Every structure is written in structure tokens, then in C-alpha cells.
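The sequence and the structure are shown first.

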Amino acid sequence: SLPLPVERVRAELTRWEGRLNIGAVNGPDVTVVSGDADALDELIAHYEGEGVPVRRVQIDYASHSAHAETVRDRLLEFLPRYGAHATDVAFYSSVTGGLLDTATLDADYWYRNLRQTVEFDRAVRGALAAGHTVFVEVSPHPILSVGLRRILETATPASDGTVTGTLRRGDGDLDRFLRSLAHLHTHGVPVDWTATLR
């Protein structure tokens, strides 16, 4: 994970052609690279030598790279058991970068979600353009919150939207979740406290 614009990182990846690629674009200056472990070691050494605060994401598989192709057939066999359905909730896809009908979320879509670059920045900007201004990262740790805030700051026009997580590493209990809801409440987001505090 690099605190750099995707254009700069993409230009430098040419020296690792076929071994590394852009895994995710999580903000205007939040780029994730994915691929061969030894090539990632070289990339990390390169950026550390330039004084860039690069961070290795601690996962044991290389999603959003050619490595995902090894599980393609298994996924396409397994995932059709779970059908897609239409919803009234707006769904901005990090695969397409835009609004998507959830009835099209078939097995092929979820394989592409695993294989292709995550277009988080484009999806969030699409949601902003449609008037969405509250972003809740539902995860065990809010790793996308930094990118979300940078997207809001650099949007045209800049947005004063609200960003929060739900849980945090080492702080993942009900109290943490309620504090996240309180953060939303104090920023003017309606929270149904009667449902929450039963």
C-alpha cells in the first residue's frame, strides 16, 4: 500500500511487467499493488529507498492480480448457488466504478471482483456525484477511511461528508460499534437508537 497517485505507481510498475499490477485505487493518493511476493519485496525496497512510507498488507493471497486466476474455475462452479437479487439500495461497484443493478451480481461478477483492480476511488466519486455524503466502513478495521476522507477533500466540489468505521482492531466490541453510531449521530445522521439499544 502506497500513499501515491495511481498514475505515478503505474508508470513505475513497468519494470515488473507481468509480475505486479495495480490491485486497488482506494483514493487520489492511496494505491495498492498486488502480485508476485518477490517482486513486491523489490518494490518495497525501491520505495523505502526513496523515503516513501510503503506498507505491506498482511494477507496470504494475491487477489486483484493474475494469481486469482488459479481459483477462477472453482469460484465459477461454487458461486452460482447464491443467486443475485435486485435491491432498492444504491450499489456502487468497485469493479465497474459506477452504479450497478444488484441483479447482475452473478458468479462472473464476483470473480472479476477478486481478479480486477479495485476501483474504489471511482465508485465513491460516483456515489458523491449522486448526492451520497455519508460513508460507513463496515469492517473489522477501517482501512479505507483515510482514502475516503481524501476522496471527499479532492472531490469537485469538495465534500464535507461524514466518514466512520464500525469496529477497530483490538477494539471490536459493542461499545466500539455504539461509539461509531454516536459519531454519525453527532454529525447529523439519523440513527434509530430504539432499535440499537433494545
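In this predicted model, residues 24 or more positions apart account for 57% of the contacts with a separation of 6 or more. The protein has eight helices and four strands, and from the N terminus on these elements run α-β-β-α-α-α-α-β-α-β-α-α. Along the principal axes, the C-alpha atoms fill a box of roughly 55 × 45 × 35 Å. The accessible surface comes to about 11,800 Å², and 54% of this area belongs to carbon and sulfur atoms. Of the 198 residues in the protein, 37% are buried.

A UniProt annotation from an unreviewed entry, "domain: Malonyl-CoA:ACP transacylase (MAT)", covers residues 1-171. In the model, this span is 33% helix and 12% strand, and its end C-alpha atoms lie 23 Å apart.

**Nonpolar cores**

The largest nonpolar core holds 17 residues, of which Leu2, Val9, Leu13, Leu20, Val33, Leu43 and Tyr47 touch the most other members. Helix 1 (6-12), strand 1 and helix 2 each supply at least two residues of this core, and helix 2 gives the most, with five residues. Apart from this core lies another, of 13 residues, among them Val32, Val118, Val124 and Ala155.

**Helix 6 and its cover**

Helix 6 spans residues 145-154, and its buried residues are Ser145, Gly147, Leu148, Ile151 and Leu152. Seen down the helix axis, these buried residues fall within an arc of 160°, so they line one face of helix 6. The cover over them includes strand 1 (20-27), strand 2 (30-35), helix 5 (120-129), strand 3 (134-136) and strand 4.

Strand 4 (residues 162-164) contains Thr164.

**Exposure of selected residues**

| Residue | Relative accessibility | Class |
|---|---|---|
| Thr164 | 8% | buried |
| His64 | 16% | buried |
| Ala86 | 61% | exposed |

The cut-offs explain these classes: a residue is buried under 20% relative accessible area and exposed over 50%. Ala86 therefore counts as exposed, at 61% relative accessibility. Ala86 lies in the loop between helix 3 (72-78) and helix 4 (107-115). Apart from residues up to four places away in sequence, Ala86 touches Asp101, Thr102 and Ala103. Between Ala86 and Phe135, which are 49 residues apart along the chain, the C-alpha separation is 22 Å.

**Backbone features**

Most residues other than glycine have a negative phi, and most peptide bonds are trans. Two places in the model are to be read against this background. His64, which is not a glycine, has a positive phi of about 60°. His64 is found in the loop between helix 2 (37-49) and helix 3, and counts as buried because its relative accessibility is 16%. The peptide bond from Thr156 to Pro157 is cis, with omega near -5°. Pro157 has its place in the loop between helix 6 and strand 4.

Definitions and conventions. Residues are numbered from 1 along each chain as its sequence is written. This is a predicted model: local features need pLDDT of at least 70, side-chain atom pairs count only at pLDDT 80 or more; totals for chains, interfaces and linings use all residues. Side-chain values use heavy atoms; hydrogens and water are left out. Buried means under 20% relative accessible area, exposed over 50%, partly exposed in between (1.4 Å probe, protein chains only). The arc is that of the directions from the helix axis to the C-beta atoms. Contact means heavy atoms within 4.5 Å. UniProt positions are given in the numbering used here, feature names are shortened, and annotations may be inferred rather than shown by experiment. A nonpolar core is a set of buried Ala, Val, Leu, Ile, Met, Phe, Trp, Tyr and Cys residues joined through side-chain atoms within 4.5 Å. Accessible areas come from the Shrake-Rupley method with a 1.4 Å probe; for residues, only the protein chains shown count as cover.
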